[in-house]
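Biologist: Please walk me through how the folding and pairing of a chain are read from a model such as this one.

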Amino acid sequence: MFSVKPTKPTFKSYLPPVPTDVKKTIEPPLKKLEPKLLQGEIVVNEVNFVRKCISAESSQDDLWGKLICTNFKVSFIPSEASSKQNSHLSHLLLGEHDIPLACLEQVVTVNDTKGKKKVLGSNQKLKFNPTELILYCKDLRIIRFCFVEAGPESAKKVCLAIAHYSHPADLPLLFGFEYQGRRYHESKGQRVNGATPRGGLQTPIFDRPSDWDREIKRTGASEWRVCSINESYAISPSLPENIVVPVSLTDQDLKQHSIFFMNQRVPHWCWNHPNGSALVRMAGIGDPLQQRRIDQRVFPAITKSHPQRSEVIRSDVDKCLPNIQDIQSAFIKVRQICVIDPFEESEERWLSSIENTRWLEYVRAFLKHSAEMVYLLDGKNTSVILQEEEDRDLNCVVSSLVQLMLDPHYRSLIGFQSLVQKEWVMAGHRFLDRCNHLKKNDKDESPLFMLFLDCVWQMMNQYPAAFEFTEAYLTVLSDSMWIPLFSTFLFNSSKQRAQHLMDFAKNKAIPQGEDQVVYFPPVWEWSQQFSTKDQTLFNNPMYVGKGAACVQNGEVKTFRRTKKTYSSTLRGTPASLRNGLKAGGDSLTRRGSLLSELRPDFSLVKDESPSERFFRDWFSRPADLQGLLIPLLLPSHLALWKLYFLRWVPEACIAKGGPITAYHKLSQLVDEMEILQSQLRQYKGPSPGRTPRPSSSWSLSDQRRMYFKASSPHDPPSPPDFLTSSFPFTPMGNLCRRGGYGTPISKFLNGARIWLSTETLENDGL
Amino acid sequence: MEKQAGAVGAADGAGPNRKPWSSATGGPATGETLDSPTGSHVEWCKQLIAATISSQISGSVPSDFTRDNKARRRPDFMVSKRLTPRQQDSQDEGLYYHGDSDSEHPSNALNLPALRYGAPVTMFQDQVPLLPGESVQTTVKDVMYICPFSGLVNGTLTITDYKLYFTSMERESPFVLDVNLGVISRLETISVPNQGENTKGLELVCKDMRSPRFAYKTEESHPDVVELLSKHAFPLSHSLPLFSFLYQEQFPVDGWKVYDPAAEYRRLGLPNESWAISKMNSSYELCDTYPSILVVPTHITEDDVRRVAVFRAKHRIPVLSWIHPETQATIVRCSQPLVGPSDRRCKEDERFLQIIMDANAQSHKLTIFDARQSSVAVTNKAKDGGYESESFYPNVELNFLEIPNIHVMRESLRKMKDVVYPTIDEAHWHSAIDQTHWLEYIRLLLAGAAKIADKLESGKTSVVVHCSDGWDRTAQLTSLAMLMLDSHYRTLRGFQVLVEKEWVSFGHKFAARVGHGDENHANSERSPLFVQFIDCVWQMTRQFPAAFEFNELFLITVLDHLYSCLFGTFLYSSEQERAAKEVQTNTVSLWSYINSQPEDFTNPFYVDYEHHVLCPLVSSRHLELWTAYYARWNPRMRPQVPVHQTLKELLFLRAELQRRVEELQRDATSRSSSSFSEHSPSHSAGTPLHSVV
């Protein structure tokens, strides 16, 4: 995704020349540096005496060690274990200096003395000995290695190996297929068959009718049914085997209609509003005549499924939103200014630069369109059909945002994961192509899922207590896209997943009938990646804390299906809780109607559409975080997601500051509340008559849900030193732009024509 | 679709209008709205706790709890309740505000218990709340408020000697607009088409980024609205007293006692062997814009000081502002040296700086930070000013901080007003902000202050800070640097001391920069330097949410009363003038108001970063436009629910839980003779957070 044709040079000099005093006596490490390998992981190539650059300004912090390329990752093993305590998130499968091959965006080799540079692809030759290797990563890191002291031939080999192995020829060559096969067999003994279905995974996968049934019941969509006409993908290659359709549409009807839809993606249900309105998505219809015919057949069926027989509105999603190429190019630009451009250079007109990338504009456009759909569903009480040509890209973003705004269930961790599973994975978002895991077709690459996560972050930023999970969770989730060990982000459709996993099971001698989720787990099995302690970073103290008072059986408040709290017309504190402070009956009836009552003096000067009125009305009242949630959408309300975009930038890292210091305090407070609660429970005791036993009261310590524990009075009050605005990540060694003042490269970039090698010039233009 | 109306006002709402004794003040139209979303949540949480707890414990307790609850709420609530109509109505654009809102935020009563002192609010004709000492000048019926967001509103306009109060009952909910007259920069007549011949239009261009407009019929029986407004908005231009001198409020705390220079210098360990407290300026003869008490080097004679005074612009000699408790490195402030085109020298001045350098044993250097752009400093030589030549001052290093002058800042904020009020250009919001350069100047200021702080902390070197006269940029820089270096100034009281010391006592020309009560709006002396300083402080609070004891509401309140002329704190330009006008006896201090209800202005996240030097990251990436202040009059710019609201709720929950646990513990120990010595009420000490709920 790094600009293949850079509009402006990537490397710019802005730093004073680095004194070349690197002639320090280098003690070649004698001890053997062994990589930590996963099951099935093998070393392809390695080179010693490599220097990992930590800072662009000086080499004094640089690390010496061995660079290794395996069939899974690029690994750097420093010869001296870092003395600093690891205070940030540690990954169970990846070391501090490891980069999965799937995370590599661009592999660049440089020979400083010859003034050459080449972007390496698969199976390429390299005519010079590289002095430097720069790895541009999809998670926005930039890692730089220096080979000045390394054996030139082995350095070159490692570079070529890295380039080659990061361009797998075929999907099953991704390391996950090797790893999960081994893991399955090796951990088989530990599994008790059937004891915990799906390995204890709580997130519904929506690969079975029962998951859909449960969702239909949960949302009260009684006029909708699970339909299995797509069993064995007989109708549509990209829809899941089970879809939900109006009760009044027969399988026969659907089969008939399906031929007119792109990819045979017939209208399929996403979600139901408690008022009966449904959210439906479908693909485009090529022939406009057919479109009208289909509308006449499908719309009445959806109307019939609405308790009030309310009308259906179709929204042409791709007509009013940026397309995947727009989104891709915006992302490239925003990455350019955040991590690639020299820091000082973009300081001057930062806000304008951000605006020029259009990234926030697109984020806003998606949120806005989704909010308009919310108005139709909630305010106008109509069902909505999202129509997109393929129904596999923009529709995923819009439908999941709409549900996130309307249904608090999806703002819980499990709910959110089920939403991604339902509207992205099962709906056939082409993760394989959009992530460009095989690096085959750059045109198909687009960070749509990333855009969605940014939209979620914007809502989270505006309603910090409304989500069970944190921005660290969203960031980690985005990073997981580039670790090809989980089934979630590897496939274009559930058909493709089914085929590949069937072959996989056959090849790896996995018994027939074994659950896919068990032998090739989705990313939602977080224990594969992080310790229980680290996973507590996903928990939002504000959400947990408020739940604390009512969470008694481990069950967080879920989707309340009472119209009272849910409907926009009666949002806010339920009357029963108002404690008789004021009889609100009067105003409630007045506000009951949303569409009328435009006072003449309002409309005279300013025309207000019903939807504007709806939003104004909503914003004029306090938000119920367990009800409808609409994001504020002026440009001033949207912000750059700093944790995601700036976490690796050392110059942008606030030491001992940033929002994390507030999170730290809140976590401690909530932890303390949980302790108090357990005390309360103990006092209450099993039988109220007896004296309570406040025995070993910290028995719940292992269930404590906060990363930061309640402090004791002896702790210093100020936040710990390791808290920075990048926490739980660290910019140390993860973003090393090239200073390169006075080097041939910078001269070249400044216009001096000393790059004579045709190879270099050609490839540089690439 | 962004008709996000209804919520006007600042993040917390500013202004004391929630309180009976100060109901209509500088921060009108403030955000009950912000408290409210979460406010209702507090109530909800309370109910929930009550429910949960009562379900957990035996029968007698729930009723107990309820009673308790009521008892706690009632007295305060009654007070607030009485005030509720106007609380909610005081919203600018309050028409979006629904009549039953108060029932949705009973938290007003909980979060902000009304004080039980202070004069009761008098209501004029049951409509207009009046402050003690405030009197109604006129009432005009059938006035139209031209709302930029929703059109015309017909109502009644009341003008007092302190405020303009517009009410309308014609909407679904009563609408009130409350503008204190001090905030008005100029009155402009505007044309009002289609409203009949006798209709006049009036625009009040305000200093705080809004410009409400009215249309009214001119009838002979009506007094001239413009004339009356102008008289009371610009009393000094009409030989009338400022309202502060009429305001009769009594507060339980005397804010004038906040700053005692001797005590503050004592806190800094002064006097010591190198620095003395000097009374040379006790009658303001040495320098009429400096305070009476100064800290100067011990080893210098009064005669020398007088000679230095002659060599420094406006006689503003180098004096100590702050001293590092460990290294003895100092921040010294002054004005530019009067070098002139012929490069004049002053031996005493050179020696003075040498002594300042020598007073710090840790360093043999002295750094001068000249806030100005170097080119300007050079031009100043022609005007008899200039800068210290490094060749005449040995071991002195001169740095220019390249900060533009007051006129550039005024222009920048003027542009900002166009960007945020009344409408914003959605497509170019970010670049429009860039074009005002406001954030760029904020960055320059913070960068300058950070350099000063770093020089002292890491370089252990004393610094001298000046600009031209040493009362604008110098005050900004020294106070920001002190805020970074000294955690005391990051407390609620400490910050007041900082403002009183570096700004008020050292002669920042508030009267000229703000133009209190003066109709000459085009005066080029006006400039938002203090606003800029508060903005820098806000930026720091954003980067370090736990390092400051005060909250955003405090900063907004300070800015509102910078203009309001309700309090005497920011009146006049020097200590001498204030003494002559007997400001302390005749007016009320802003800090009296603030410190009478500190809980409203306290940041619940605050933990003392004791002895910790704050290094804000001076990068555009972390500087934001303070929309909660600049854009608060635009109802569509409703600010986001700040995290600290949730924290307050959680603190409330914790307190509730603690109470229950302790109660049960007491219960348990009294019921059973066997004592559980090992279970002390363990976590009552708890996480060090301000437990103000």
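Modeller: Helices (H or I, at least four residues) and strands (E, at least two) are DSSP runs, numbered from the N terminus; in this predicted model, chain B has 22 helices and 16 strands. Residues are numbered from 1 along each chain as its sequence is written, and chains are lettered from A in the order in which they are written. Local features need pLDDT of at least 70, side-chain atom pairs count only at pLDDT 80 or more, and totals for chains, interfaces and linings use all residues, while side-chain values use heavy atoms, with hydrogens and water left out.

Biologist: What percentage of the residues in chain B is buried?

Modeller: Buried means under 20% relative accessible area, exposed over 50%, and partly exposed in between, with a 1.4 Å probe and protein chains only; of the 693 residues in chain B, 66% are buried.

Biologist: Why is strand β3 of chain A described as largely enclosed?

Modeller: Six of the six residues of β3(A), residues 73-78, are buried, so the rest of the structure largely encloses this strand. A:K73, A:S75 and A:I77 point one way, whereas A:V74, A:F76 and A:P78 point the other way.

Biologist: Which strands pair with β3(A)?

Modeller: Two strands pair if DSSP finds at least two bridges between them. Strand β2 of chain A, residues 63-70, runs antiparallel to β3(A) with five bridges, A:C69 having A:V74 as its bridge partner, and a hairpin of two residues connects β2(A) to β3(A). Strand β4 of chain A, residues 99-100, is also antiparallel to β3(A), with two bridges, and A:P100 in β4(A) stands opposite A:K73.
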